[in-house]
Amino acid sequence: MYSNSPTKALSREEWQALEQSSLKAVGTIVGSLKTILGEVQSAIDGNSFHQNNNSGDLYSEGKRHEETEVQDSFQALAQQRKSDYEDFIACMRQANAWDLRTRLQRFVKTFNEGPRYSRDVSREVVQNFLIDMENWMLQHPIWMNRTAELQIRALDSLEQYVTTRIHKRIFAPDMMSRKRDSELRMRIARLRFIGPDHLDIPATNRNDESWEKSVKALQVMSERTSPIEKLDCILEASRHICSAPTLNGLHTTVSADDFLPVLVYIVLRANPSELPSNIDFISDYRSRSRNVGEAAYFFTHLAGALHFIETLDATRLSIEPSLFDRLMESEDENIYSFVTDLSSIKITPEIDVSSQDFPPTSTNSSADAGAGSEHGESDPNGSSHSLDELESDWEQKHILEAGDGENGDPSGAGETSRSNAGGGLQQQSPPRWSMKPQLSKHLKPTVQIASSPSILGSTVEYSPGPQDSPQKLGKKKTLAELGLLDSVDRRFGEEGEGLGWLMMSGAAAGSKT
Amino acid sequence: MADVRGKNNYKIVLLGEGRVGKTSLVLRYVNNTFSDKQQTTIQASFLSKRINIGENTCNLAIWDTAGQERFHALGPIYYRDADGALLVYDTTDTESFAKVKNWVKELRKMVGQEIVLCIAGNKIDLDKERQVEKSEAEEYAASVGAYHFQTSAKLGKGIEETFLALAKKMIEQRQENDSRQSARRSGGNAPILVVADDTSNGGSGAASGSKACNC
């Protein structure tokens, strides 16, 4: 995985150099070269301090190629964050910072391996630790004599480091937050009919081009693992709204009267995954004393927009109440099929329910997985999978399932899968993902378990059969269009308890129809 | 320059009906000292200003809010941790003044006396169309413990005074809070002593506890 890093970095260098040379920004090239060097070095030495940072950057690097049009300011901000972070790591690795380094590492280790706390307790524990660390850092010779601005950046990097390392434990920590996330995604999908007119956004304030960039920035937010990086995304999204030529033609400043309706509309368009959890995450873990200025202001607007969307009804929009209800209902149908679809597809024996409790396996996991499927799914060292792997696995299984429906062997498949599916749901022996065709046979009986009356009640009338498979394949497209797939995939990949919230929201959506 | 602990940062939230001139009021206030160069880089609806009052430097972060009725319920999200609120009404529009009264009620109910209130009657340049009398508004402001100023964003009248009064009061309030907090902290030992009393003297412990707090 890391062996790819140098080649990637080189292509980025070229790309950046091209851009920079036109601007004659020699200094920036030197800066980017330095970061590339740092990246290569970290890829080689694989130090624990660097590892996390690096893997995150590899991911965002791919993103960056995709979105070359993203504004310079955003890149500059990301670049600065990165160099701040690298500086922080470098300082922490200095010999005379050993006591701080030890404290930091010990905290991360204890927090990740210790008991799980509730959201409130986690917040207190982490915030208290950060405040202590900040005090120690500010009294330490390395940071003591820096300017206040550099001190603030160092403290931000500290926050970034800690929250990233314990992100899995503190982000969307309970069922409640997951449920709220999924409910919002469903809700926004149902509110897709809302247009700028319903929010009284004047025609002069509309600018699709900048809005598109805004939408993208919001969607990227979920991929970031620290509050400050998420705030950067919010800032970026808001700046695109504010700097839209039509909106900002006459004034240099946009009033909130103009801004908020547009932001609401952008959120509806973007339907960003895990938005409530992201908002909670930032308000819980962003340092309160440093959450000031523009970023805090726009963050609050986003929280406002979220609240507005969660509570809105026909009276809050410029729309006939009867029309509002009718449009909501028509969207319901899509969602209903989505839920039944998901409950049949997603709850598969391969779901790795306990990936978090086990250390990630080494790079040979793909080879391992092939072997794993042969001697059953009893390997407890189930590895955690990246979003991409899940996605491709999902697709493959889907295709295989379709084929299976035509010439599959139902009796044989049913026999082997009962135990597998049961194991997956009861969270006993966590099974492994596999690309092997024979595993796909297990999928059909799982459907019965997923839509068992005890959980979903009579609302789900979906009965699996061979003839359904191609239809389901077709449905996948609609789901992707809804923009609902990615978050679900991710959550199922992360934790088995995800099954619960889907059932609940599925039942809720079903009962509404 | 920057302030690591954020001790000098003050947040003012702007409340009022749409189109009463909230935004232009702040623009007028902030623009006077902002250089043109800074203006172009900010390009956003967030405005802040650094002012010196006596020995105190303070950074005022001025948070604009959407005035449309449909967003009214979002109020608490914005004013929750504000140090001050500037409630703007249009002197030519009685309804906007009624709205200010609603905000005052809500703020006092939700955040109590912690927040400094300042009411600004804007658009006094349109004196011919005036509907809200100055005396009436001043009387009301006094009754709820708020400042009252008459402003005109168009003419740049009364704006400096408004923000200065607000800033002074916010600094005062924060110092008061800090001293009250430190008093509470130093008084924090008292209950421990009281507990010791409590075990020996029984019921009288609670009384002595409250005395200790009042001191």
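The model is a predicted one, so local features need pLDDT of at least 70 and side-chain atom pairs count only at pLDDT 80 or more, while totals for chains, interfaces and linings use all residues. Residues are numbered from 1 along each chain as its sequence is written, chains are lettered from A and ligands numbered from 1 in the order in which they are written, and side-chain values use heavy atoms, with hydrogens and water left out.

Start with the place where the two chains touch. Chain A puts 41 residues into the contact and chain B puts in 30, where contact means heavy atoms within 4.5 Å. The size of an interface is often given as the accessible area lost when the parts come together. Here the buried area between chain A and chain B is about 3100 Å², with carbon and sulfur atoms giving 60% of it; buried area is the accessible area (1.4 Å probe) that two parts lose on being put together, summed over both.

Three salt bridges are found between chain A and chain B, a salt bridge being a side-chain nitrogen of Lys or Arg within 4 Å of a carboxyl oxygen of Asp or Glu. Lys22(B) and Asp257(A) form a salt bridge through their side chains, at 3.8 Å from N to O.

On the side of chain A that touches chain B, helices H6 (119-138), H8 (148-165), H13 (256-270) and H15 (293-311) each supply at least two residues. Helices (H or I, at least four residues) and strands (E, at least two) are DSSP runs, numbered from the N terminus. H15(A) gives the most, with 11 residues. Sorted by type, that side of chain A has 18 nonpolar, 15 polar and eight charged residues. For this sorting, Ala, Val, Leu, Ile, Met, Phe, Trp, Tyr, Cys and Pro count as nonpolar, Asp, Glu, Lys and Arg as charged, and the others, Gly among them, as polar.

Now for chain B itself. Chain B has eight helices and six strands, and along the sequence they follow the pattern β-α-α-β-β-α-β-α-β-α-β-α-α-α. Of its 215 residues, 47% are buried; buried means under 20% relative accessible area, exposed over 50%, and partly exposed in between (1.4 Å probe, protein chains only). Among the contacts in chain B with a separation of 6 or more, 74% are between residues 24 or more positions apart. The accessible surface of chain B is about 11200 Å², and 51% of it belongs to carbon and sulfur atoms. Accessible areas come from the Shrake-Rupley method with a 1.4 Å probe; for residues, only the protein chains shown count as cover.

Back in chain A, two residues have a positive phi without being glycine. Asp200(A) has a phi of about 55 degrees and sits in the loop between H10 (175-190) and H11 (208-220), where it is partly exposed at 46% relative accessibility. Asn271(A) has a phi of about 40 degrees and lies in the loop between H13 and H14 (275-285); Asn271(A) is buried, at 6%.

Over all chains, the whole structure has 31 salt bridges. Glu159(A) pairs with Arg286(A) at 3.1 Å, N to O. Glu159(A) is in H8 and Arg286(A) in the loop between H14 and H15, so this pair ties together parts 127 residues apart in sequence. Glu159(A) also pairs with Arg290(A), at 3.2 Å, N to O. Arg290(A) lies in the loop between H14 and H15 too, so this second pair links parts 131 residues apart in sequence. Both Glu159(A) and Arg290(A) are buried.
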